[in-house]
Each structure stands twice: as structure tokens, then as C-alpha cells.
Amino acid sequence: MAQNSRRKPNILVTGTPGTGKTTTSSQLAEATQLRHINVSELVKEKKLHDGYDRETDAYVINEDLLCDEIEDMMEEGGNIVDYHDCEFFPERWFDRVVVLQTNNTVLYDRLKNRGYEEAKLMNNIECEIFQVLLEEAQGSYPEDVVMALKSDSTDDLARNVEALTDWVRSWCPMS
């Protein structure tokens with residue numbers, strides 16, 4: 001099924017850990033009735049990884065297995081994919097790529113509250129400072145598809161979900 005034959009859009013919600021991807025994706029899925037695909041959970045559930053890396057405290061995702069697993073859903077449309085990386089997903093899959101960004105002080109507190117070790121915490125803060133995920137998204141997808149949204153507070157969350165819900169409702173497949 002080609003991109004222009006999808007009846008519903010696909011959205012990628014990305015950003016540094018702690019920026020609110022899962023909360024935003026869950027609320028957006030509820031508001032729009034799109035399917036929320038939490039990549040981290042799917043990887044664990046379906047064993048789409050090559051083991052666990054104790055140094056990064058995360059599964060080593062097998063990108064090919066993951067893409068094979070969700071290919072049909074993506075071609076069908078109507079998905080919100082929630083993951084901190086975006087470079088390996090096919091460009092054709094997404095109609096909107098949202099990069100959530102959080103103030104470093106707020107992000108530090110969120111990650112500290114999650115129990116992140118200092119090295120992992122600082123690595124994620126540096127990623128946010130240098131806007132690594134925004135640059136990756138801008139390098140991987142067309143300019144008009146990528147948008148950065150501030151995600152510091154519950155007010156930001158509500159605004160972001162409302163704006164994205166409006167976008168979904170006004171979305172028209174390309175002809």
C-alpha cells in the first residue's frame with residue numbers, strides 16, 4: 001500500500017528519554033483513536049532485540065526485526081510510534097515527525113527521579129543540549145514533516161496533544 005493510499009496518518013514521536021514521548025503518544029492516541037506503538041515495550045514483548053546492554057541499561061534493538069514487525073501496520077496507517085531514535089525507520093512511513101524538547105533542568109530532574117545512573121543521565125542531558133535528536137530527524141525526513149515541540153510542563157503536554165489532534169483531524173492523504 002503506497003503512502004498516498006493510507007486513510008490515516010502515521011506520526012513518530014521522538015526525543016531524548018524523559019521528554020514525555022510515551023505520555024504524549026498515549027494521550028494523542030486516546031484523543032485521535034490512532035494506534036500507539038511503544039517501541040521499547042514492543043521490543044521486549046516480541047523479543048526484537050539482540051540482547052541486553054548492561055552499560056547502557058537497555059536492549060540492543062534489532063532494527064530489521066522491528067521494522068519487519070511493524071511494516072504492515074505502518075503501511076495501513078493510523079499509528080503513533082513512540083521511540084527515542086528515528087534514523088532507521090523508512091522515511092515513507094511518517095507524515096509527521098514530532099521531536100519533543102525539554103529544558104535541561106526539568107529533564108535532569110525527570111531522569112534523576114527515574115533512577116538514571118549519573119553517566120546515563122549526563123549522556124541524555126548532552127543529547128538534549130546539542131539537539132541531537134532534532135538534527136537526526138531533520139537529516140532523515142523532509143523539512144515540512146519535522147516539528148519540534150516544547151515539553152516542559154503539563155500545560156505544554158496539553159497544548160501539544162491539542163495541536164497534534166487538530167493536525168490529525170485536518171490531515172488529508174496525498175493524491
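A: Happy to. Helix H1, residues 21–32, packs against helix H7, residues 154–170, with the two axes 9 Å apart and at an angle of about 45°. That angle makes H1 oblique to H7, and the crossing of the two helices is right-handed. On the H1 side, the contact is made by Thr23, Thr24, Gln27, Leu28, Ala31 and Thr32. On the H7 side, the partners are Leu157, Val161, Leu164, Thr165, Val168 and Arg169. Please keep in mind that this is a predicted model.

Helix H2 (residues 39–46) and helix H3 (residues 63–76) have axes that come within 11 Å and cross at roughly 105°. Here the angle makes H2 roughly perpendicular to H3. Val39, Leu42, Val43 and Lys46 are the H2 residues that meet Leu66, Glu69 and Ile70 in H3.

Leaving out residues up to four places away in sequence, cysteine 67 touches Phe88, Phe89, Pro90 and Trp93. One of these, proline 90, is 23 residues from cysteine 67 in sequence, and their C-alpha atoms are 8.5 Å apart in space.

Ring pairs link Tyr83, Phe88, Phe89, Trp93, Phe94 and Tyr141 into a cluster. If ring centres within 6.5 Å are taken as a pair, the count comes to seven aromatic pairs. In one of them, the rings of phenylalanine 89 and tryptophan 93 have centres 6.1 Å apart and planes at 40°, so this pair is tilted. Phenylalanine 89 and tryptophan 93 are both buried. Another pair is formed by phenylalanine 94 and tyrosine 141, whose ring centres are 6.0 Å apart with planes at 80°, so the pair is edge-to-face. Phenylalanine 94 sits in the loop between strand E5 (79–82) and strand E6 (96–101), while tyrosine 141 sits in the loop between helix H6 (132–140) and strand E7 (146–150), so the pair ties together parts that are 47 residues apart in sequence. Phenylalanine 94 and tyrosine 141 are buried as well.

Asparagine 124 is buried, with a relative accessible area of 8%.

Arginine 114 and glycine 18 are 96 residues apart in sequence, and 8.7 Å apart in space from C-alpha to C-alpha.

Back in H5, you will also find glutamate 126. Glutamate 126 is partly exposed, with a relative accessible area of 42%. The C-alpha atoms of glutamate 126 and glutamate 75 are separated by 35 Å, and the two residues are 51 apart along the chain.

Finally, let us turn to the backbone in two of the loops. Most residues other than glycine have a negative phi. Lysine 47, however, has a phi near 55°, a positive value in a residue other than glycine. Lysine 47 is found in the loop between H2 and strand E3 (49–53), and lysine 47 is exposed, with a relative accessible area of 61%. Glutamine 131 also has a positive phi, near 50°. Its place is in the loop between H5 and H6, and glutamine 131 is partly exposed, with a relative accessible area of 38%.

Key. Residues numbered from 1 in each chain as written. Predicted model: local features only at pLDDT ≥ 70, side-chain atom pairs only at ≥ 80, totals over all residues. Heavy atoms only, no water. Phe/Tyr/Trp six-rings, centres within 6.5 Å; stacked < 30°, edge-to-face > 60°. Buried < 20%, exposed > 50% of the residue type's maximum accessible area, 1.4 Å probe, protein only. Helix = DSSP H or I, 4+ residues; strand = E, 2+ residues; numbered from the N terminus. Axes fitted to C-alpha atoms, helices over the stretch in contact; angles between N-to-C directions. Parallel < 35°, antiparallel > 145°, perpendicular 65-115°, else oblique. Left-handed = near helix turned anticlockwise from the far one by under 90°. Contact = heavy atoms within 4.5 Å.
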